[in-house]
Amino acid sequence: MHMAPQHATAALLLCEVVMEILSWFPAKSVTRLKLVCKSWNSIISHPHFVKLHLHRSPKNAILLFTRTPALTLEKEKWGLVLTSVESFIQNPSSTPDAQENRHSLHVEDWVSGSCNGLVCVAHILCHPNNDICDIWFRLLNPLTGFISENSPCLRINVHTAFGFGYDESSDSYKVVTLIRDSSGTVTAQVYSFRGSSWKTINSFPAFPYCVEDNGQFIGGTLNWLGVRNPHGDDYDWAAVTLDMLMIVSFDLKSDTHKQILLPKGIDEVPREEPTLGVWGNSLYLLHDYKNTHFIAWQMKEFGDENSWTQLLKISFHHLGVERLLPVFIFENGNIFMLRGRHRFEEVFYDRRDNSIKRINILANNSYFIAFDYVESLVQPC
């Protein structure tokens with residue numbers, strides 16, 4: 001009779017020890033360890049363990065969203081490829097074609113973001129003879145095989161940008177679509193995968209100039225670099241002034257937005273469209289300078305506009321290119337993947353040792369986008 005509480009305490013301590021040890025294992029190994037016994041399966045499946053494991057998981061992988069070349073009588077095939085940063089940099093030309101860790105997507109699918117091991121996929125069906133599309137979103141976890149139910153259908157036009165992130169306050173994952181109509185008015189549609197309907201946010205102050213640039217998720221917000229009060233269906237980048245450019249930060253908790261000022265050191269509009277990026281806990285702004293240099297800014301403390309710091313300024317001549325399009329950031333802002341506009345090549349620049357690596361990656365893959373990704377056990381309700 002007196003031993004029962006002691007046995008219960010011992011069992012609880014053993015459970016906590018097992019949870020502590022397993023939380024440091026790689027996610028892929030943990031999924032296999034669920035088969036060891038019922039108690040381990042119960043521990044690994046518990047929401048507390050899932051969050052603890054996610055917190056301790058290193059961001060040591062990227063998610064490549066690729067399109068393989070069309071075959072003679074077949075449609076182009078979209079796919080997700082999971083790869084470590086190290087493997088991709090060492091052999092980037094063959095990584096997108098690797099069958100290992102590859103997940104097929106429909107031709108009509110578009111990846112709108114990755115967060116906490118979940119990938120948000122948009123399924124887009126366009127109506128012929130007009131610019132209207134119907135769109136559904138779903139979440140998938142490439143590691144566990146989890147696939148959520150589709151969101152309610154949303155009717156959009158071709159001038160639409162996406163973003164995907166996590167609202168910690170409600171423990172919910174949200175997708176945001178920015179829609180610009182023919183008059184230039186921008187509205188945001190917000191959907192929580194815990195909810196059942198879309199929420200409309202009117203009077204969004206800017207629209208991303210490149211709809212393929214997904215919102216950058218950091219600190220519970222989605223961030224886009226866009227043009228203030230765009231007019232009509234199109235605009236001329238050469239006519240954009242500095243006061244028209246702005247970073248819009250959308251708070252997923254309050255469903256409100258605010259402006260983030262550009263770095264004070266930017267005194268003119270770049271010749272090419274700048275790019276926003278996120279790695280770790282920092283926001284980055286990448287752009288050219290007079291078509292002669294590549295510049296990278298880092299906001300060291302997200303939300304503090306005074307923390308913008310010029311991280312890098314390097315000449316195109318040193319990089320061996322005539323024009324550049326920033327693509328992705330690796331290793332806490334130390335490695336930059338850039339795309340030469342006049343050559344089908346990727347340029348990897350490592351600012352730690354000033355080294356440069358060029359890869360003709362587009363020879364076998366007509367298109368790809370890179371996302372930062374962490375393998376996780378997350379399977380939201």
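Q: What makes the nonpolar surface patch in this predicted model?
A: Val17, Ile21 and Phe25 make the patch. Its area is about 260 Å². Nonpolar side chains are joined within 5 Å, and a patch residue needs over 30% relative accessible area.

Q: Why does valine 17 count as partly exposed?
A: Its relative accessibility is 45%.

Q: Where is valine 17 placed?
A: Valine 17 sits in helix α1, which covers residues 4–22.

Q: How many disulfides does the structure hold, and what makes a cysteine pair one?
A: The structure holds one disulfide. The sulfur atoms of cysteine 126 and cysteine 133 are 2.4 Å apart. The cut-off is within 2.5 Å, so this pair is a disulfide. The link is right-handed, with 85 degrees about the S-S bond.

Q: Why is cysteine 126 called exposed?
A: Cysteine 126 has 53% relative accessibility. Exposed means over 50%, so the word applies to cysteine 126.

Q: Why is cysteine 120 called buried?
A: The relative accessible area of cysteine 120 is 0%. That is under 20%, so cysteine 120 is buried.

Q: What makes cysteine 153 partly exposed?
A: Cysteine 153 has 39% relative accessibility. This value falls between 20% and 50%, so cysteine 153 counts as partly exposed.

How values were computed: Residues numbered from 1 in each chain as written. Predicted model: local features only at pLDDT ≥ 70, side-chain atom pairs only at ≥ 80, totals over all residues. Heavy atoms only, no water. Patch = residues over 30% accessible without salt bridge, like charges linked within 9 Å, V, L, I, M, F, W, Y side chains within 5 Å. Areas by Shrake-Rupley, 256 points an atom, 1.4 Å probe, with all protein chains shown as cover. Salt bridge = Lys/Arg side-chain N within 4 Å of Asp/Glu carboxyl O. Helix = DSSP H or I, 4+ residues; strand = E, 2+ residues; numbered from the N terminus. Buried < 20%, exposed > 50% of the residue type's maximum accessible area, 1.4 Å probe, protein only.
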